[in-house]
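Me: Could you walk me through this chain and tell me what stands behind each label you use? I would like to see the values set against the definitions.

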Amino acid sequence: MTDSAEKASDQQTIPADARSPGGRAGEAELFVRGYALGPWQTNSYVIGDEGTKECWIVDPSFGPSPVLRLVAERGLTPRAIVLTHTHVDHIGGIAEVLKQHPGLPIWVHRAEAGWLGNPLLNLSDGAGMRVTAPDASRLLNDGDELRLGGQTWRVLHTPGHSPGGVTLHHEPSGTALVGDTLFAGSIGRTDLPGGDYETLERSIRTRLYGLPDRTRCLPGHGPATTIGDEKRYNPFVPG
Ligand SMILES: [Zn+2]
């Protein structure tokens with residue numbers, strides 16, 4: 001990992017005082033740490049619960065050793081690999097994670113269930129890599145509530161960049177992992193297989209912009225932003 005990646009990853013860290021001011025029991029235990037990994041500088045996240053020492057690994061990209069190191073250093077037990085979608089740069093580190101944590105379940109939206117094993121659909125074939133991953137053991141649906149320790153995260157289906165794109169939303173702390181749907185000042189590309197501009201715009205307007213303005217968005221690439229800032233300043237989908 002380069003110095004700049006280290007710096008980028010630090011920007012993704014939710015500061016302690018932003019976790020859950022005055023929140024309900026259990027919320028202060030949440031932490032999210034991101035690392036920009038691999039040739040596409042994909043943000044791979046660890047969502048942890050300090051209370052139970054459980055975590056998820058979200059979108060493990062190529063070279064996930066910083067993620068694995070954090071998990072080991074904090075004494076965390078990974079419960080699942082959760083994917084915002086299955087493009088190659090979001091799944092490229094799964095094999096390495098599974099070497100360290102065999103049998104770790106993979107969760108993905110049902111619309112991309114077949115993509116993990118299909119290098120054409122996950123775009124690794126086009127990148128000359130032919131990356132595959134084991135089948136998902138849980139298929140996600142819009143509205144699913146996912147439990148991690150004392151936390152509940154809700155699945156929002158936010159397609160458009162890809163058909164099975166999801167956002168993971170933790171309402172109490174105002175945190176949303178939005179994958180490649182929305183970026184700081186930009187939006188996900190829609191020219192890839194299964195992508196669709198109108199669908200993406202609808203996902204952003206009706207799902208993401210429906211979240212509170214203070215919601216901190218952690219995207220699949222680049223720095224964090226907030227829903228309020230994107231509604232005000234995003235040049236592609238103004239709020
Ligand atoms: Zn993508």
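Predicted model: local features only at pLDDT ≥ 70, side-chain atom pairs only at ≥ 80, totals over all residues.

Me: Why is Leu123 called buried?
Reply: A residue is buried if 20 or more other C-beta atoms lie within 10 Å of its own, exposed if 12 or fewer, and partly exposed in between, with C-beta atoms placed from the backbone. Leu123 has 20 other C-beta atoms within 10 Å, so it is buried. Leu123 sits in the loop between β5 (106-109) and β6 (138-140), and has a positive phi of about 75 degrees although it is not a glycine. Across the chain, buried residues make up 46% of the 239 residues.

Me: Why are Lys53 and Glu201 called partly exposed?
Reply: Lys53 has 14 other C-beta atoms within 10 Å, and therefore counts as partly exposed. Glu201 has 15 within that distance, so it is partly exposed too. Lys53 belongs to the loop between β2 (42-49) and β3 (54-58), and is a non-glycine with a positive phi of about 65 degrees. Glu201 is in helix α5 (residues 197-208).

Me: What makes a run of residues a helix or a strand, and how many of each are there?
Reply: Both are DSSP runs numbered from the N terminus: helices are H or I with at least four residues, strands are E with at least two. By that rule the chain has six helices and 14 strands.

Me: How do you know that β5 and β6 pair?
Reply: Two strands pair if DSSP finds at least two bridges between them. Three bridges join β5 to β6, so they pair, and they run parallel. Trp107 stands opposite Arg138 in β6. These strands belong to an open sheet of six, in the order β1-β2-β3-β4-β5-β6, with mixed pairing.

Me: What makes β1 and β6 edge strands?
Reply: Each of them, β1 (30-37) and β6, pairs on one side only.

Me: What makes a set of residues a nonpolar core, and which residues have the most contacts inside the largest one?
Reply: A nonpolar core is a set of buried Ala, Val, Leu, Ile, Met, Phe, Trp, Tyr and Cys residues joined through C-beta atoms within 7 Å. The largest has 51 residues, and those with the most contacts inside it are Ile47, Trp56, Ile57, Ile81, Val82, Ile106 and Trp107.

Me: What does Ile47 touch beyond its neighbours within four places in sequence?
Reply: Two residues are in contact if their C-beta atoms, placed from the backbone, lie within 7 Å. With those neighbours left aside, Ile47 is in contact with Val32, Cys55, Trp56, Val58 and Leu148.

Conventions: Residues numbered from 1 in each chain as written.
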